[in-house]
Amino acid sequence: MSDSNLIRGTMLLTAATLFSRVLGMIYMFPFTALVGTQGVALYQYAYTPYTIMLSLSTVGIPLAVSKFVSKYHTLGDYRTGRRLFKSGLILMTFTGFIAFLALFLMAEPIARIVIDEGSEGNTIADVTLVIRVVSMALLIVPIMSLTRGFFQGLQSMGPTAVSQVVEQIFRIVFILASSVIIINVMDGEAATAATYATFGAFVGAVGGLMVVFWYYRKRKPELDRHLAESTVDYNVSLSDMYKEIITYALPFVVVGLAIPLYLQVDTFLINPALKSVGYDQPSYESVFAIITGLAHKLIMIPVSLATALAMTIIPAITKSFTSNKDAILQKQLTQTFQILLFLTTPAAIGLAVLSDPVFRVLYPTVNQDLGSSLLMWYAPSAILFALFSVTAAILQGVNKQKFAVYSLLAGLGLKAGLTYPLVVLFEGKGAIFATNIGLLTSVLITIFIIKRFTNYQFGFIFRRVLLIGIFVGIMAVAAKAATLPLESAMPNLYLSASEGGSMLYSIINLLVGITVGGVIYLWLSYRSNLAGLVLGERFSFLKRR
């Protein structure tokens, strides 16, 4: 494949991934309006353990297969790549079935941990059912992921890109359509709608698998021709290949589990802790749904955007480190941290400052005071989530991935140990405080290791952080001040839609805050040359002449 085709394919895959993530965030707004926080809580009870089990069932093999297929095809050895793909399909079928069986059997024990049987809210039977329903997707998703990795190893990104988008569309259409039919047409319960929604993972996986298998069948004659013409065979044993694959992929899997593991700790501990201080079941399930579902979806928007841009430089960091090009490595690290902080910090703080109108507009049927308060405290966590993702990736790039694992375990241990007592002391905010303490610990460890093994000097970044912090502070004050006149002039309209207030008013107030804050931050960044310096030559027009 030519360089231009490879670049075009990579851009296509990046765009498809970003589009799928955005869809995965947006659908939550109408879904919440249909099923309420009780339904969202039930949905989250199932999806967090499912995500963890999916990562464990694949153990990074699809990503590693992509690397190995690319390596051997480049060497002209098509037989080794094909053998690895076929054996990988068998392995993923087996591990997917084991993961399905394990999650299916653990469903009831997990349900008994996360909630107690009550007269209101979700029941243990409800939680058990949704976990068992979503576990069915584990029979298909690993196979689909491996096939995507095979195509990526061939440097063909189209099948993966189309498959991702189709999978997400199938899933979301099924979730929303089934919820509308159950709630509005059949006058059913939120628990029933949430159960069908979790089955959306299976429906989406079927759609995605159909796409990649269609591509495979279409291209099989060409693949068979390459196989027949192949004269090179390194005769690598499958045991040696898998040994190297797992060694390479396991650290990536562990770090990729960071967010699901943090959410799983909340899943196990928030409800019991809140119950111990007098919350009834509907109340503590609302707090759980907001933290792990509604607010979390929002804070992941800046995390996804910033890390997607910053992570594009990680392969270059690996190359510079391997080639002992220290000066270039220092520059690349600086650029990575700058891009990350420049984009994530204003988005996270802006979300915190405007949490009230944001929550009113996006989740009008949810408890507004509780939701906006928790979002305000949770939004800054986006900075720590993004920092850990990128610093852990840098450690992988400089071949120190084991320290990324150690840092994750240290932070997760603190999170697990502090969540219950902090929730007892501070209620819902306590879970957020525990998350931030754990993440901060992990980030500090990764920064220390980066400094030790790359001799990177963080002084310049600290000065950049100070400048960005000043600009973000000014932005936050201006955005908040811009919304105050409207709140004072029409306080009786500043109500959620469910309370009879004006949704239009809330939208206007939100747009005013975003516009004022965004313009001021961009203007300050432009006037100080910060924007052009951080974003590089591609954005040289932002540099003052």
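This is a predicted model: local features need pLDDT of at least 70, side-chain atom pairs count only at pLDDT 80 or more; totals for chains, interfaces and linings use all residues.

Residues are numbered from 1 along each chain as its sequence is written, and side-chain values use heavy atoms, with hydrogens and water left out.

Step back to H20 itself, residues 503–527. Helices are DSSP runs of H or I with at least four residues, numbered from the N terminus. Its buried residues include Tyr505, Gly513 and Leu524; buried means under 20% relative accessible area, exposed over 50% and partly exposed in between, with a 1.4 Å probe and protein chains only.

Next, select Arg360 in helix H14 (residues 355–362). Arg360 counts as buried because its relative accessibility is 8%. Its side chain makes a polar contact with the side chain of Asp356 at 3.1 Å. A polar contact is a pair of N or O atoms within 3.5 Å; within protein, one must be able to donate a hydrogen and the other to accept it, and residues adjacent in sequence count only if both atoms are side-chain atoms.

Last, select Arg132 and Phe104: Arg132 lies over the ring face, 4.8 Å from the ring centre. A charge sits over a ring if NZ of Lys or CZ of Arg is within 6 Å of the ring centre and within 35 degrees of the ring normal.

Definitions and conventions
Helices (H or I, at least four residues) and strands (E, at least two) are DSSP runs, numbered from the N terminus. The expected span of a helix is 1.5 Å times one less than its number of residues.
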